[in-house]
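Student: I would like to learn how to read helices and a core from a model. Can you walk me through an example?

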Amino acid sequence: MSVPKSDYLSNVWANGIFANRVLFITGGAGSIGSAQTRALVHLGADACIVGRNTEKTEAAAREIAKVRNGARVIGIGGVDVRDFDALKAAADRCVKELGAIDYVVAGAAGNFVAPISALSPNAFKTVIDIDTIGTFNTIKATIPYLVDSAARNPNNPSGSDSLTGGRFVAVSATFHYTGMPLQSHVSAAKAAIDSLVASLSLEYGPLGITANCVAPGAIEGTEGMERLASNLVSKSDKDKGVPSGRWGTVRDIADATVFLLSEAGSYVNGTTLVVDGAGWRRQGGL
Ligand code: HXC
(Lines give C-alpha, C1' and ligand atoms only; values in the text may rest on other atoms or scores of the structure.)
Protein backbone atom coordinates (compact mmCIF):
# COMPACT_ATOMS: atom_id res chain seq x y z
CA MET A 1 0.00 0.00 0.00
CA SER A 2 1.51 3.31 -1.00
CA VAL A 3 1.68 6.25 1.37
CA PRO A 4 -0.28 9.46 0.84
CA LYS A 5 1.64 12.24 -0.88
CA SER A 6 2.87 14.94 1.52
CA ASP A 7 5.25 17.87 1.48
CA TYR A 8 8.09 15.59 2.51
CA LEU A 9 7.33 12.33 0.67
CA SER A 10 5.84 11.26 -2.66
CA ASN A 11 3.29 8.47 -2.84
CA VAL A 12 5.39 5.84 -4.56
CA TRP A 13 6.74 4.22 -1.39
CA ALA A 14 5.23 1.41 0.66
CA ASN A 15 4.47 1.80 4.34
CA GLY A 16 6.82 -0.05 6.66
CA ILE A 17 9.85 -0.32 4.37
CA PHE A 18 12.00 1.03 7.21
CA ALA A 19 10.16 -0.71 10.06
CA ASN A 20 12.24 -1.32 13.17
CA ARG A 21 15.16 0.54 11.65
CA VAL A 22 16.96 3.52 13.18
CA LEU A 23 18.19 6.65 11.44
CA PHE A 24 21.00 8.77 12.92
CA ILE A 25 21.14 12.18 11.27
CA THR A 26 23.22 15.32 11.71
CA GLY A 27 21.48 18.48 10.58
CA GLY A 28 18.14 16.72 11.01
CA ALA A 29 16.45 19.85 12.33
CA GLY A 30 17.23 21.81 9.16
CA SER A 31 14.84 22.14 6.25
CA ILE A 32 16.31 19.35 4.14
CA GLY A 33 17.30 17.19 7.11
CA SER A 34 13.89 17.32 8.72
CA ALA A 35 12.21 16.31 5.44
CA GLN A 36 14.60 13.37 5.14
CA THR A 37 13.86 12.38 8.72
CA ARG A 38 10.09 12.77 8.34
CA ALA A 39 10.15 10.55 5.26
CA LEU A 40 12.08 7.81 7.01
CA VAL A 41 9.93 7.99 10.14
CA HIS A 42 6.75 7.97 8.02
CA LEU A 43 7.96 4.75 6.42
CA GLY A 44 8.60 3.04 9.73
CA ALA A 45 11.97 4.14 11.10
CA ASP A 46 12.83 5.55 14.49
CA ALA A 47 15.31 8.42 14.46
CA CYS A 48 17.94 10.27 16.41
CA ILE A 49 18.58 13.86 15.40
CA VAL A 50 21.73 15.59 16.59
CA GLY A 51 22.40 19.30 16.38
CA ARG A 52 24.18 22.23 17.96
CA ASN A 53 21.10 24.10 19.07
CA THR A 54 19.41 22.11 21.82
CA GLU A 55 16.04 23.85 21.69
CA LYS A 56 15.77 23.60 17.90
CA THR A 57 16.93 19.98 17.85
CA GLU A 58 14.56 18.81 20.58
CA ALA A 59 11.62 20.73 19.07
CA ALA A 60 12.27 19.15 15.67
CA ALA A 61 12.36 15.69 17.23
CA ARG A 62 9.02 16.29 18.97
CA GLU A 63 7.40 17.50 15.73
CA ILE A 64 8.77 14.67 13.62
CA ALA A 65 7.59 12.05 16.13
CA LYS A 66 4.00 13.11 15.30
CA VAL A 67 4.40 11.80 11.75
CA ARG A 68 3.63 8.23 12.80
CA ASN A 69 1.89 6.74 15.83
CA GLY A 70 4.43 4.98 17.99
CA ALA A 71 7.45 6.58 16.36
CA ARG A 72 10.44 7.06 18.63
CA VAL A 73 12.37 10.19 17.72
CA ILE A 74 15.01 11.63 20.01
CA GLY A 75 16.78 14.96 19.66
CA ILE A 76 20.25 15.34 21.12
CA GLY A 77 21.29 18.98 21.31
CA GLY A 78 24.63 20.55 22.11
CA VAL A 79 26.41 18.40 19.55
CA ASP A 80 28.77 20.17 17.16
CA VAL A 81 29.94 17.87 14.37
CA ARG A 82 33.41 19.37 14.78
CA ASP A 83 33.58 17.67 18.19
CA PHE A 84 34.20 13.96 17.65
CA ASP A 85 33.72 13.01 21.30
CA ALA A 86 30.31 14.67 21.41
CA LEU A 87 29.23 12.89 18.24
CA LYS A 88 30.48 9.54 19.54
CA ALA A 89 28.55 10.06 22.79
CA ALA A 90 25.42 10.86 20.76
CA ALA A 91 25.82 7.75 18.59
CA ASP A 92 26.30 5.59 21.68
CA ARG A 93 23.21 7.14 23.29
CA CYS A 94 21.19 6.52 20.14
CA VAL A 95 22.05 2.83 20.24
CA LYS A 96 21.36 2.64 23.96
CA GLU A 97 17.94 4.24 23.62
CA LEU A 98 16.79 3.07 20.19
CA GLY A 99 18.73 -0.17 19.89
CA ALA A 100 20.80 0.33 16.74
CA ILE A 101 21.96 2.65 13.99
CA ASP A 102 20.92 1.28 10.60
CA TYR A 103 21.10 4.45 8.52
CA VAL A 104 23.28 7.53 8.80
CA VAL A 105 22.66 10.82 7.06
CA ALA A 106 25.45 13.41 7.39
CA GLY A 107 23.58 16.62 6.69
CA ALA A 108 25.13 19.22 8.97
CA ALA A 109 26.67 22.06 7.00
CA GLY A 110 27.88 25.61 7.42
CA ASN A 111 27.72 28.29 4.78
CA PHE A 112 27.94 32.00 4.11
CA VAL A 113 28.42 33.99 0.95
CA ALA A 114 31.89 35.52 0.60
CA PRO A 115 34.52 36.04 -2.09
CA ILE A 116 38.01 34.65 -1.51
CA SER A 117 39.18 38.20 -0.81
CA ALA A 118 36.83 38.37 2.18
CA LEU A 119 37.58 34.90 3.56
CA SER A 120 40.04 34.79 6.44
CA PRO A 121 41.99 31.57 6.82
CA ASN A 122 39.77 30.79 9.78
CA ALA A 123 36.60 31.44 7.77
CA PHE A 124 37.70 28.95 5.09
CA LYS A 125 38.77 26.46 7.74
CA THR A 126 35.47 26.79 9.61
CA VAL A 127 33.46 25.52 6.65
CA ILE A 128 35.94 22.73 5.96
CA ASP A 129 35.73 21.79 9.63
CA ILE A 130 31.92 21.69 9.72
CA ASP A 131 31.30 20.08 6.33
CA THR A 132 34.29 17.83 5.64
CA ILE A 133 35.72 17.06 9.06
CA GLY A 134 32.17 16.91 10.42
CA THR A 135 31.28 14.26 7.86
CA PHE A 136 34.43 12.33 8.71
CA ASN A 137 33.61 12.53 12.42
CA THR A 138 30.08 11.32 11.72
CA ILE A 139 31.42 8.34 9.79
CA LYS A 140 33.96 7.56 12.48
CA ALA A 141 31.41 7.75 15.29
CA THR A 142 28.80 5.56 13.60
CA ILE A 143 30.61 3.12 11.33
CA PRO A 144 30.93 0.30 13.89
CA TYR A 145 27.14 0.40 14.29
CA LEU A 146 26.60 0.42 10.53
CA VAL A 147 28.85 -2.63 10.26
CA ASP A 148 26.69 -4.40 12.85
CA SER A 149 23.53 -3.39 10.99
CA ALA A 150 24.87 -4.56 7.62
CA ALA A 151 25.76 -7.92 9.17
CA ARG A 152 22.19 -8.28 10.45
CA ASN A 153 20.65 -7.13 7.16
CA PRO A 154 22.48 -8.63 4.19
CA ASN A 155 22.55 -6.21 1.27
CA ASN A 156 20.80 -8.72 -0.88
CA PRO A 157 17.21 -8.64 -2.05
CA SER A 158 17.00 -12.40 -1.75
CA GLY A 159 17.96 -12.20 1.94
CA SER A 160 15.66 -13.01 4.83
CA ASP A 161 13.48 -9.94 4.27
CA SER A 162 13.48 -6.79 2.20
CA LEU A 163 14.55 -4.49 5.02
CA THR A 164 17.94 -2.89 4.74
CA GLY A 165 20.69 -1.70 7.05
CA GLY A 166 24.23 -0.38 6.97
CA ARG A 167 23.55 2.57 4.68
CA PHE A 168 25.32 5.94 4.69
CA VAL A 169 24.31 9.11 2.85
CA ALA A 170 26.13 12.45 2.93
CA VAL A 171 24.50 15.64 1.71
CA SER A 172 26.82 17.15 -0.88
CA ALA A 173 26.36 19.85 -3.53
CA THR A 174 27.14 20.48 -7.19
CA PHE A 175 29.31 23.59 -6.87
CA HIS A 176 32.60 21.76 -7.21
CA TYR A 177 31.74 20.35 -10.65
CA THR A 178 32.31 23.81 -12.06
CA GLY A 179 33.63 25.93 -9.20
CA MET A 180 31.41 28.65 -7.77
CA PRO A 181 32.11 32.31 -7.08
CA LEU A 182 31.49 33.33 -3.46
CA GLN A 183 31.39 29.66 -2.50
CA SER A 184 35.03 28.56 -2.80
CA HIS A 185 35.00 27.30 0.79
CA VAL A 186 31.80 25.26 0.41
CA SER A 187 32.81 24.01 -3.03
CA ALA A 188 36.13 22.69 -1.70
CA ALA A 189 34.47 21.16 1.35
CA LYS A 190 31.84 19.32 -0.68
CA ALA A 191 34.42 18.03 -3.20
CA ALA A 192 36.25 16.48 -0.26
CA ILE A 193 33.01 14.92 1.01
CA ASP A 194 32.40 13.24 -2.37
CA SER A 195 35.92 11.83 -2.28
CA LEU A 196 35.63 10.70 1.34
CA VAL A 197 32.37 8.89 0.65
CA ALA A 198 33.84 7.19 -2.43
CA SER A 199 36.68 5.83 -0.29
CA LEU A 200 34.19 4.75 2.36
CA SER A 201 32.28 2.73 -0.22
CA LEU A 202 35.46 0.96 -1.30
CA GLU A 203 36.64 0.13 2.21
CA TYR A 204 33.25 -0.92 3.61
CA GLY A 205 31.43 -2.26 0.53
CA PRO A 206 32.77 -5.74 1.24
CA LEU A 207 31.09 -5.57 4.66
CA GLY A 208 27.71 -4.92 3.05
CA ILE A 209 27.64 -1.16 3.58
CA THR A 210 26.61 1.30 0.92
CA ALA A 211 27.89 4.88 1.03
CA ASN A 212 26.60 7.55 -1.30
CA CYS A 213 26.01 11.28 -1.55
CA VAL A 214 22.89 13.12 -2.52
CA ALA A 215 23.65 16.48 -4.15
CA PRO A 216 20.77 18.96 -4.00
CA GLY A 217 20.54 21.78 -6.48
CA ALA A 218 18.56 24.91 -5.75
CA ILE A 219 15.94 23.80 -3.21
CA GLU A 220 13.14 26.24 -2.42
CA GLY A 221 12.44 27.26 1.13
CA THR A 222 15.82 26.31 2.53
CA GLU A 223 18.22 28.36 4.62
CA GLY A 224 20.86 27.70 1.98
CA MET A 225 18.84 29.33 -0.79
CA GLU A 226 17.95 32.26 1.44
CA ARG A 227 21.65 32.81 2.02
CA LEU A 228 22.86 32.10 -1.49
CA ALA A 229 20.22 33.43 -3.83
CA SER A 230 17.70 35.60 -2.05
CA ASN A 231 17.59 37.75 -5.21
CA LEU A 232 16.24 34.79 -7.20
CA VAL A 233 13.61 33.61 -4.71
CA SER A 234 10.89 35.96 -5.98
CA LYS A 235 11.44 35.13 -9.67
CA SER A 236 8.94 33.00 -11.55
CA ASP A 237 9.85 29.37 -12.12
CA LYS A 238 10.65 29.90 -15.79
CA ASP A 239 13.04 32.75 -14.93
CA LYS A 240 14.97 30.70 -12.42
CA GLY A 241 16.85 29.04 -15.25
CA VAL A 242 16.67 25.40 -14.16
CA PRO A 243 16.22 23.07 -17.17
CA SER A 244 13.49 21.11 -15.37
CA GLY A 245 11.54 24.35 -15.10
CA ARG A 246 11.39 24.78 -11.34
CA TRP A 247 13.47 24.79 -8.19
CA GLY A 248 13.64 21.59 -6.23
CA THR A 249 11.66 20.84 -3.09
CA VAL A 250 12.74 19.23 0.13
CA ARG A 251 10.54 16.31 -0.92
CA ASP A 252 12.76 15.75 -3.96
CA ILE A 253 15.74 15.30 -1.65
CA ALA A 254 13.82 13.16 0.85
CA ASP A 255 12.62 10.87 -1.95
CA ALA A 256 16.17 10.46 -3.27
CA THR A 257 17.35 9.63 0.24
CA VAL A 258 14.59 7.06 0.70
CA PHE A 259 15.66 5.44 -2.57
CA LEU A 260 19.31 5.20 -1.49
CA LEU A 261 18.40 3.70 1.89
CA SER A 262 15.79 1.29 0.56
CA GLU A 263 16.11 -2.14 -0.99
CA ALA A 264 15.73 -0.48 -4.39
CA GLY A 265 19.10 1.21 -3.83
CA SER A 266 20.97 -1.94 -2.85
CA TYR A 267 23.44 -1.86 -5.74
CA VAL A 268 24.00 1.90 -5.72
CA ASN A 269 27.31 2.40 -3.96
CA GLY A 270 30.09 4.98 -4.05
CA THR A 271 28.24 7.52 -6.15
CA THR A 272 26.55 10.89 -5.94
CA LEU A 273 22.88 11.18 -6.80
CA VAL A 274 22.43 14.69 -8.19
CA VAL A 275 18.91 16.02 -7.59
CA ASP A 276 18.93 19.39 -9.32
CA GLY A 277 16.71 19.34 -12.41
CA ALA A 278 19.94 19.48 -14.50
CA GLY A 279 20.68 22.88 -12.96
CA TRP A 280 24.43 22.55 -12.64
CA ARG A 281 24.80 21.64 -16.31
CA ARG A 282 23.18 24.90 -17.26
CA GLN A 283 24.72 27.30 -14.79
CA GLY A 284 26.89 25.66 -12.17
CA GLY A 285 23.97 24.97 -9.87
CA LEU A 286 22.48 28.41 -9.33
C1 HXC B 1 33.25 36.16 5.72
C2 HXC B 1 32.73 35.03 7.67
C3 HXC B 1 31.34 35.20 7.42
C4 HXC B 1 30.96 35.91 6.23
C5 HXC B 1 31.60 34.11 9.27
N6 HXC B 1 32.82 34.36 8.81
N7 HXC B 1 30.65 34.61 8.43
N8 HXC B 1 33.67 35.49 6.83
N9 HXC B 1 31.95 36.37 5.42
N10 HXC B 1 29.67 36.13 5.92
C11 HXC B 1 34.09 34.00 9.45
C12 HXC B 1 34.25 34.63 10.83
O13 HXC B 1 34.65 35.98 10.73
C14 HXC B 1 35.33 33.75 11.43
O15 HXC B 1 36.62 34.05 10.94
C16 HXC B 1 34.98 32.39 10.87
O17 HXC B 1 34.17 32.60 9.71
C18 HXC B 1 34.19 31.55 11.87
O19 HXC B 1 33.03 32.29 12.23
P20 HXC B 1 32.23 31.99 13.59
O21 HXC B 1 31.02 32.82 13.58
O22 HXC B 1 33.17 32.06 14.74
O23 HXC B 1 31.92 30.43 13.38
P24 HXC B 1 30.79 29.55 13.99
O25 HXC B 1 30.14 30.19 15.17
O26 HXC B 1 31.39 28.25 14.17
O27 HXC B 1 29.66 29.53 12.86
C28 HXC B 1 29.85 28.86 11.64
C29 HXC B 1 29.19 29.58 10.46
C30 HXC B 1 27.72 29.91 10.76
C31 HXC B 1 29.34 28.68 9.23
C32 HXC B 1 29.93 30.89 10.21
O33 HXC B 1 27.14 30.59 9.66
C34 HXC B 1 26.95 28.67 11.08
O35 HXC B 1 26.98 28.20 12.20
N36 HXC B 1 26.20 28.12 10.16
C37 HXC B 1 25.41 26.88 10.38
C38 HXC B 1 24.13 26.94 9.66
C39 HXC B 1 24.33 27.11 8.19
O40 HXC B 1 25.23 27.74 7.71
N41 HXC B 1 23.35 26.61 7.42
C42 HXC B 1 23.35 26.84 6.01
C43 HXC B 1 23.74 25.62 5.36
S44 HXC B 1 23.34 25.80 3.67
P45 HXC B 1 37.67 34.97 11.77
O46 HXC B 1 38.89 35.03 10.91
O47 HXC B 1 37.01 36.31 11.95
O48 HXC B 1 37.91 34.26 13.07
C49 HXC B 1 24.42 24.95 2.82
C50 HXC B 1 24.11 24.96 1.36
C51 HXC B 1 25.25 24.40 0.58
O52 HXC B 1 25.31 24.42 3.34
C53 HXC B 1 25.01 24.54 -0.88
C54 HXC B 1 23.70 23.98 -1.34
C55 HXC B 1 23.45 24.04 -2.81
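Predicted model: local features only at pLDDT ≥ 70, side-chain atom pairs only at ≥ 80, totals over all residues.

Student: What span does helix H3 reach from its first C-alpha to its last?

Tutor: Start with the terms. Helices (H or I, at least four residues) and strands (E, at least two) are DSSP runs, numbered from the N terminus. The expected span of a helix is 1.5 Å times one less than its number of residues. H3 covers residues 84-98, 15 residues in total, and reaches 21 Å, close to the 21 Å expected. Just after H3, Gly-99 has a positive phi of about 100°.

Student: Which residues of H3 are buried?

Tutor: A residue is buried if 20 or more other C-beta atoms lie within 10 Å of its own, exposed if 12 or fewer, and partly exposed in between; C-beta atoms are placed from the backbone. In H3 the buried ones are Leu-87, Ala-90, Ala-91, Cys-94 and Leu-98.

Student: Why do they line one face of the helix?

Tutor: An α-helix has 3.6 residues a turn, so residues three or four places apart point the same way. Down the axis of H3, the buried residues fall within an arc of 100°, so they line one face. The arc is that of the directions from the helix axis to the C-beta atoms. Asp-85 and Lys-96 are exposed, on the face turned away from the buried side.

Student: What do the buried residues of H3 pack against?

Tutor: Strands S1 (22-26), S2 (46-50) and S3 (73-76), and helix H4 (121-152).

Student: How many residues of H1 are buried?

Tutor: 11 of its 12, so H1 is mostly covered. Among them are Arg-38 and Leu-40. Gly-44 follows H1, with a positive phi near 120°.

Student: Which residues touch the most other members of the largest nonpolar core?

Tutor: A nonpolar core is a set of buried Ala, Val, Leu, Ile, Met, Phe, Trp, Tyr and Cys residues joined through C-beta atoms within 7 Å. Of the 81 residues here, Leu-40, Ala-47 and Cys-48 touch the most other members. H4 gives the most to this core, with 8 residues.

Student: Is Ala-215 buried or exposed?

Tutor: Ala-215, in strand S6 (residues 210-216), is buried, with 25 other C-beta atoms within 10 Å.

Conventions
Residues numbered from 1 in each chain as written. Contact = placed C-beta atoms within 7 Å.
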